[in-house]
Amino acid sequence: MINKAIAKITEEAMELDTPLAIGIEEHLTAVCKNDYVAGKLLDPGKSLKGVCDHITEQARKQAKHGRACISDADAFRMADEYFGIEEKKKSGKIDIMDLI
């Protein structure tokens, strides 16, 4: 499942061929270490183009005098939110409190 998710995101990045798409693809590939994240990336209603459009729209909303800047960290956070990836589930580590 992980390899399938990475292949999907990589293929979409190659099709889009933009710095934003490539940067987000690299981030998503780096965090796709478990089936939880892979499942989120394979959601048929979500795509790399969709997340890039979402980030671009957020930048437009923040623009002043026609210019905007979004940090890598903010773009990566927006990508995680778009795909519904929860921070604590990215690592694949189990919190003992989740078992209680």
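Helices (H or I, at least four residues) and strands (E, at least two) are DSSP runs, numbered from the N terminus. This is a predicted model: local features need pLDDT of at least 70, side-chain atom pairs count only at pLDDT 80 or more, and totals for chains, interfaces and linings use all residues. Residues are numbered from 1 along each chain as its sequence is written, and side-chain values use heavy atoms, with hydrogens and water left out.

**View 1. His65 in the loop between α4 and α5.** The loop runs between α4 (48–62) and α5 (72–83). His65 is not a glycine, yet its phi is positive, near 55 degrees. Most residues other than glycine have a negative phi. His65 counts as exposed because its relative accessibility is 83% (buried means under 20% relative accessible area, exposed over 50%, partly exposed in between; 1.4 Å probe, protein chains only).

**View 2. Asp17 in the loop between α1 and α2.** Here α1 covers 2–16 and α2 covers 19–31. Asp17 has a positive phi of about 50 degrees, although it is not a glycine. With 58% relative accessibility, Asp17 counts as exposed.

**View 3. The buried residues of α2.** Helix α2 has 13 residues. From first C-alpha to last it reaches 19 Å, close to the 18 Å expected at 1.5 Å a residue (the expected span is 1.5 Å times one less than the number of residues). Buried in α2 are Ala21, Ile24, Glu25, His27, Leu28 and Val31. Seen down the axis of α2, these buried residues fall within an arc of 165 degrees, so they line one face of the helix (the arc is that of the directions from the helix axis to the C-beta atoms).

**View 4. The other side of α2.** Pro19 and Glu26 are exposed here.
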